[in-house]
Amino acid sequence: MLNDCADLGIIDFHNHYIPARFEQAVVQAAPASQRARWEVLARRLSDEDLLLASTREGELSARVVNIPPALIAD
């Protein structure tokens, strides 16, 4: 019997990650009414531990990660 998702070889193919050293242009470009929301999202997008937690805990076998240019370039 399978104990967790990692036994199934589940790979999450839709993940965004932005290294903390990158400036997230999307935060500065957001309208004032949306800025607080994007600041929270930006922190999550830069959190490497959050990104890797489900893999480390065995919920996923792997993640395919990309950096969306629209979030870091104006």
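**View 1. Isoleucine 11 is partly exposed.** Its relative accessible area is 36%; buried means under 20%, exposed over 50%, and partly exposed in between (1.4 Å probe, protein chains only). Isoleucine 11 sits in strand β1, residues 11-16. Strands (E, at least two residues) and helices (H or I, at least four) are DSSP runs, numbered from the N terminus. The model is predicted: local features need pLDDT of at least 70, side-chain atom pairs count only at pLDDT 80 or more, and totals for chains, interfaces and linings use all residues. Residues are numbered from 1 along each chain as its sequence is written, and side-chain values use heavy atoms, without hydrogens or water.

**View 2. Asparagine 15 is buried in strand β1.** Its relative accessible area is 6%. The side chains of asparagine 15 and arginine 63 are joined by a polar contact of 2.3 Å. Such a contact is a pair of N or O atoms within 3.5 Å; within protein, one must be able to donate a hydrogen and the other to accept it, and residues adjacent in sequence count only if both atoms are side-chain atoms. Beyond four places in sequence, asparagine 15 touches Leu51, Arg63, Val64, Val65 and Asn66. Contact means heavy atoms within 4.5 Å.

**View 3. Asparagine 66 belongs to strand β2, residues 62-66.** Asparagine 66 is partly exposed, at 33% relative accessibility. Apart from neighbours within four places in sequence, asparagine 66 contacts Asn15, His16 and Tyr17. Asparagine 66 and isoleucine 18 lie 48 residues apart in sequence, yet 8.2 Å apart in space, C-alpha to C-alpha.
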